[in-house]
Structures are given as structure tokens and as C-alpha cells.
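Have the structure open while you read.

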Amino acid sequence: MITTTGVSKRHGQLLAVDDVTVDISPGLTAIIGPNGAGKSTLLAAIGRLARIEGAITVGGLDIAATRSKELARRLAILRQDNSTVIRLSVAELVAFGRFPHGGGGRSPEDADHVARALDLLGLTDVADRFLDELSGGQRQRAHVAMALAQDTDHLLLDEPLNNLDPRHAVGLMKLLTRLVADRRLTVVVVLHDLNVAARFADSVIAMREGRVVHHGPAAEVLTGPHLSELYETPARIESVAGQPVVVWE
């Protein structure tokens, strides 16, 4: 469970997140909204990557009062900007996810987690290649693998589908839903593709101008009237092969 209480964040004169109070239960929650809605800022605040007004707890821990190493054992975050300035192999990058657990990425347990994360993201064959030798999609999957190797029960992903082709985008979302079901994780994903949110999310937080305007089960938030108002563009929901699809008019 993630709880935010009266969370606000300013960038200069801009109020990027405005008095947000939400409870995020275990499952897959998508944060949606137009550009500049505050989605990534809210995610960064939950991950303690931004100074805020208000309070946030993750798994019952007050993030402001919890030691970084302890918090990192409970919460992993993948930011939208995940560029790496040093030259690393894929396996070396993924091993960084194990540092909160004290093995320095080199213990047998660490090796098992790294190998599993590489396998889950389809990166085993390129584990020894350097990141700058990979495609953008492969690098994105490597950073997701690092977050998974951290082995937390709360996972924050900011636009994880960037640079991924349809095969790998669908594969990643199916993986997240499987991990949620198997391990009862709390996964929060910032998404722009509303059809992905409709297909995979258990719940949806819709934001506009820094505020939460809708929060609830995906089917209740992703309606034509809600989306039309949120994006200021007429929309309706159709059913295709039993799946909801957003149609812009």
C-alpha cells in the first residue's frame, strides 16, 4: 500500500502537484493525464526523488523518516530519464539493483536475482554487451530488469514502454500483471497509451493540472465522458474482441 496525504510540489512558481491524497493498493495502477498533469512529478515524490509538502508512506514506512537502504528494499523506481553516464554491460547495470541488499551485486543470491531479471526481460543473450551497443528498446528493458532485480514489493515505472516495439511492450505489461498476481506487488506505471491502461491496469489515477480528478477501477475511470473532459478531446469506449478500446472523435 502506498498512501499520499496532502502532497504538493512546486517547480518555481508552477504548482506541479497540488494537494494529492490517494491510497494505492496492491495491483497495477496506471497514472494517466495530459502533458504537464504532474504524473511523473507525483511518481518521483513517491520515490523520494523530489522534496514535497505533505506526507507519503510506502508499506507503512514514512519515506521522509526511513533510511535510504531500508526504503530501497521496499521500493524500486524507474525514471523516464534513465540514461547512464558510465560504460556498463547489461549484467553490470542489472546488478546495481541488488546493492540495497548488501551483497554488492556479487553474492550467489544476487546472481540468481540478476539472472532471473535478465531472463524475464529477454536479455540473457546480450547480458555481456555494453549498453551503448544496444538499441533503445533493449536499453529500456535493461533498466526495467535492474528495477526488478531489486526485488521490492513496490515498483514505480515512469513510461516504461518508451522505445519498446509492440511485442516487447505487451510482453512487459503481461510480465507486470503476472508479478502482481504471483507476488501481490504494488506497481504504479505512468502511461500515455490509454488502451494499454484499459487492457492491463487494475486501477487508474487520472491527473490534470497537478490534481487527481478521478481514481478508481480502470473500467470506472476510463469512460468516454471522463476522457473527453480530461484530454479536452471527444472520446468514446468501444469493445473489440472483448477488450475496451479508446476511440478519439
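**Ground rules**

This is a predicted model, so local features need pLDDT of at least 70 and side-chain atom pairs count only at pLDDT 80 or more, while totals for chains, interfaces and linings use all residues. Residues are numbered from 1 along each chain as its sequence is written, and side-chain values use heavy atoms, with hydrogens and water left out.

**The overall build**

The protein has nine helices and 12 strands; helices (H or I, at least four residues) and strands (E, at least two) are DSSP runs, numbered from the N terminus. Its C-alpha trace spans about 50 × 45 × 35 Å along the principal axes. The radius of gyration is 18 Å, which agrees with the value near 18 Å for a compact globule of 249 residues. That radius is taken over C-alpha atoms, and the globule rule is 2.2 Å times the number of residues to the power 0.38.

Buried residues make up 49% of the 249 residues. Here, buried means under 20% relative accessible area, exposed means over 50%, and partly exposed is in between (1.4 Å probe, protein chains only). The protein exposes about 12000 Å², with carbon and sulfur atoms supplying 48% of it; the areas come from the Shrake-Rupley method with a 1.4 Å probe, and for residues only the protein chains shown count as cover. Among contacts (heavy atoms within 4.5 Å) between residues at least 6 apart in sequence, 62% join residues at least 24 apart.

**Strands side by side**

Look for an open sheet of four strands in the order S2-S1-S4-S5, paired antiparallel. Strands S2 (14-24) and S5 (61-62) stand at the edges with a single partner strand each, so one side of each has no neighbour in the sheet. Two strands pair if DSSP finds at least two bridges between them. S1 (residues 2-11) and S2 run antiparallel and are joined by seven bridges; Thr3, for example, has Asp23 in S2 as its bridge partner.

Further along, S11 (residues 235-240) and S12 pair in the antiparallel sense over six bridges. Val240 stands opposite Gln243 in S12. This hairpin has two residues between the strands, and Ala241 takes a positive phi near 50° there.

How many of the eight residues of helix H1 (residues 39-46) are buried? Seven are, so H1 is largely enclosed by the rest of the structure. The buried ones are Lys39, Thr41, Leu42, Leu43, Ala44, Ala45 and Ile46. After H1 comes Arg48, with a positive phi near 60°.

Leu75 is in strand S6 (residues 75-78) and is buried, at 6% relative accessible area. Leaving out residues up to four places away in sequence, Leu75 touches Ile46, Gly47, Val58, Gln150, Thr152, His154 and Leu156. The C-alpha atoms of Leu75 and Leu155 are separated by 5.8 Å, although these residues are 80 residues apart along the chain.

Leu194 belongs to helix H7 (residues 194-200) and also counts as buried, at 6% relative accessibility. Leu194 and Leu222 are 28 residues apart in sequence and 8.2 Å apart in space, C-alpha to C-alpha.

**Rings and charges**

There are two aromatic pairs. Rings of Phe, Tyr and Trp (its six-membered ring) pair if their centres lie within 6.5 Å; planes under 30 degrees apart count as stacked, over 60 as edge-to-face and the rest as tilted.

| Pair | Geometry | Centre to centre | Between planes |
|---|---|---|---|
| Phe96 and Phe99 | stacked | 5.4 Å | 25° |
| Tyr231 and Trp248 | edge-to-face | 5.6 Å | 80° |

Trp248 is partly exposed at 40% relative accessible area. Phe96 is partly exposed at 37%, and Phe99 is partly exposed at 41%.

The charged end of Arg87 is over the ring of Phe130, 4.0 Å from its centre, and Arg199 lies over the face of Phe200, at 4.6 Å from the ring centre.

Technical notes: Lys NZ or Arg CZ within 6 Å of the ring centre and 35° of its normal.
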